[in-house]
Amino acid sequence: MKKKIVFSGIQPTGLLTLGNYIGALKQWKKLQKKYFCIYCIADLHSLTIHQKKNILNKNILDVLAMCLACGINPEKSIIFIQSHVPQHSQLNWILNCFTNFGEIKRMTQFKEKIFLNKNINVGLFNYPILMAADILLYQTNKVPVGKDQIQHIELARDIAYRFNKIYGNIFTIPEKILNYNGSCIMSLINPNKKMSKSDTNNNNIISLFDNDSIIKQKIKNAVTDSNYPPIIKYDFKNKPGISNLLVILSNITEFSIEKLEKDFQNKNYNSFKESIVINLCLFLNKLRKKYFFYRKNEKYLKSIITNGAEKAKKYANITLKKVYNVIGLDI
Ligand code: AQP
């Protein structure tokens with residue numbers, strides 16, 4: 001039986017965080033066992049915030065090397081740079097014309113970002129439609145997402161339904177895959193806010209490049225609560241800081257939250273944090289070794305980029321041709 005198709009993307013907007021790892025890259029590796037996976041480095045999406053040429057070039061290679069270090073296998077999956085496959089922008093324009101202004105205005109991520117960003121460009125507004133084009137171009141069955149992206153998948157589904165209703169079954173309707181244990185890793189200092197790589201307060205995030213002493217300092221400062229006696233249990237509503245740390249430890253050690261709650265019964269927050277530091281340092285040191293192995297071999301990275309674009313274009317072209325055909329653009 002033909003394997004179902006998974007599509008996902010990551011923006012080259014800086015040093016990846018533990019949130020990007022747990023919410024995306026760790027899942028991407030696992031999904032390769034069951035699905036045919038297509039992963040994209042979403043450089044076009046990253047342009048919604050002004051990027052400097054050399055930094056963007058470097059970030060793209062950094063993210064690619066980190067994907068490989070996390071176990072994305074370019075022999076099994078397709079990994080490519082979004083802007084190298086022009087069909088994304090081509091389909092994006094067409095889908096713009098099948099999307100209502102009102103439904104885009106409702107996107108919560110846009111509403112949140114306009115508060116933080118002085119440079120409100122049309123790209124930021126259009127972002128979810130480009131994301132719909134990314135997904136629909138590959139006849140994607142499943143999209144692994146963090147909680148913050150659910151609304152965008154719903155939009156992609158709505159656009160696909162609308163288009164199919166007019167033109168027949170052109171697009172596969174994608175479904176989301178939500179990783180419940182790690183769908184949103186929160187900031188260390190403000191556990192009600194998502195951990196984001198573009199966060200200007202470095203204490204909110206664990207970068208995959210933080211060294212041992214920085215990790216120790218950041219985890220030490222991570223917000224917990226003043227419960228006495230201390231209770232280490234998952235209860236996001238009442239104990240967001242501890243719950244977030246439990247999710248992090250569970251994802252790094254592969255122990256369930258329930259097991260960790262038992263192991264840390266009657267222990268204090270310091271010993272809980274010490275265990276997080278030990279496990280995180282061990283994990284990140286190993287990951288970085290693999291990362292530097294790939295990162296120093298630019299020739300190899302560039303060959304992956306070229307091959308990835310070639311393979312992705314083949315699939316993308318099939319869908320775009322169908323779309324051009326039914327609309328009447330293929331004379
Ligand atoms: N904190 C998080 N918890 C779980 N998943 C997360 N992801 C990001 N942060 C967390 C997931 O990582 C994938 C790639 O993200 P992205 O770079 O394309 O965009 P993003 O979601 O906007 O990530 P950041 O880190 O917040 O980037 P900036 O700061 O540049 O906007 C996605 O699957 C995302 O869900």
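**Holes, pockets and a ligand**

Let's start on the inside: Gly-14, Leu-15, Leu-16, Asp-62, Met-66, Phe-209 and Tyr-291 line the second largest cavity. The model you're looking at is predicted, so local features need pLDDT of at least 70 and side-chain atom pairs count only at pLDDT 80 or more, while totals for chains, interfaces and linings use all residues. Residues are numbered from 1 along each chain as its sequence is written, and side-chain values use heavy atoms, leaving out hydrogens and water.

What is a cavity here? On a 1 Å grid over the protein atoms alone, it is a set of points where a 1.4 Å probe fits but cannot get out, and a lining residue has an atom within 4 Å of a point. Points are joined across faces, edges and corners, and a volume is the space filled by probe spheres set on them. By this rule there are two cavities of 30 Å³ or more. Five of its lining residues are nonpolar, one is polar and one is charged (Ala, Val, Leu, Ile, Met, Phe, Trp, Tyr, Cys and Pro count as nonpolar, Asp, Glu, Lys and Arg as charged, and the others, Gly among them, as polar).

The largest cavity has about 60 Å³ of space. Around it sit Gln-109, Phe-110, Lys-113, Leu-124, Tyr-127, Pro-128 and His-152. (Helices, H or I with at least four residues, and strands, E with at least two, are DSSP runs numbered from the N terminus.) The lining of the largest cavity comes out as four nonpolar, two polar and one charged residues.

Now for the pockets. A pocket is an open set of grid points with protein on both sides within 12 Å along at least five of seven lines. The largest pocket takes up about 1600 Å³. It is lined by 48 residues, and Gln-109, Lys-113, Asp-148, Lys-194 and Ser-196 are the closest to its centre. β1 (5-10), α1 (18-31), α6, α7 and β4 (142-145) each give two or more residues to that lining. By class, you'd find 17 nonpolar, 22 polar and nine charged residues there.

The second largest pocket has a volume of about 440 Å³. Which residues lie nearest its centre? Out of 21 lining residues, they are Tyr-21, Lys-29, Phe-283, Leu-287 and Lys-290. The largest share of this lining, seven residues, comes from α12. By class, the second largest pocket is lined by 12 nonpolar, three polar and six charged residues.

Next, look at the ligand. It has 21 residues around it, and the closest are Ile-185, Lys-194, Ser-196, Lys-197 and Ser-198 (a residue is near if one of its heavy atoms lies within 4 Å). Some of them make polar contacts, pairs of N or O atoms within 3.5 Å. A polar side-chain atom of Ser-196 is 2.5 Å from an oxygen atom of the ligand. A polar backbone atom of Ile-185 lies 2.7 Å from a nitrogen atom of the ligand. The side chain of Asn-20 has an N or O atom 3.3 Å from a ligand oxygen.

Is His-45 buried or exposed? His-45 counts as buried because its relative accessibility is 4% (buried means under 20% relative accessible area, exposed over 50%, partly exposed in between, with a 1.4 Å probe and protein chains only). His-45 is in helix α2 (residues 43-46). Apart from neighbours within four places in sequence, it is in contact (heavy atoms within 4.5 Å) with Gln-11, Gln-82, Tyr-127, Leu-130, Met-131 and Asp-134.

Ile-215, in helix α9 (residues 212-221), has a relative accessibility of 0%, so it counts as buried too. Beyond neighbours within four places in sequence, Ile-215 touches Asp-210, Val-277, Leu-280, Cys-281 and Leu-284.

Most residues other than glycine have a negative phi, and most peptide bonds are trans. Yet Tyr-228 and Pro-229 are joined by a cis peptide bond, with omega at about -5 degrees. Pro-229 is in the loop between α9 and α10. Glu-254, though not a glycine, has a positive phi of about 70 degrees, and it lies in the loop between α10 and α11 (257-263). With a relative accessible area of 52%, Glu-254 is exposed. Asn-266 isn't a glycine either, but its phi is positive, about 65 degrees. You'll find Asn-266 in the loop between α11 and α12, where it is exposed, with a relative accessible area of 81%.

Methods
A polar contact is a pair of N or O atoms within 3.5 Å; within protein, one must be able to donate a hydrogen and the other to accept it, and residues adjacent in sequence count only if both atoms are side-chain atoms.
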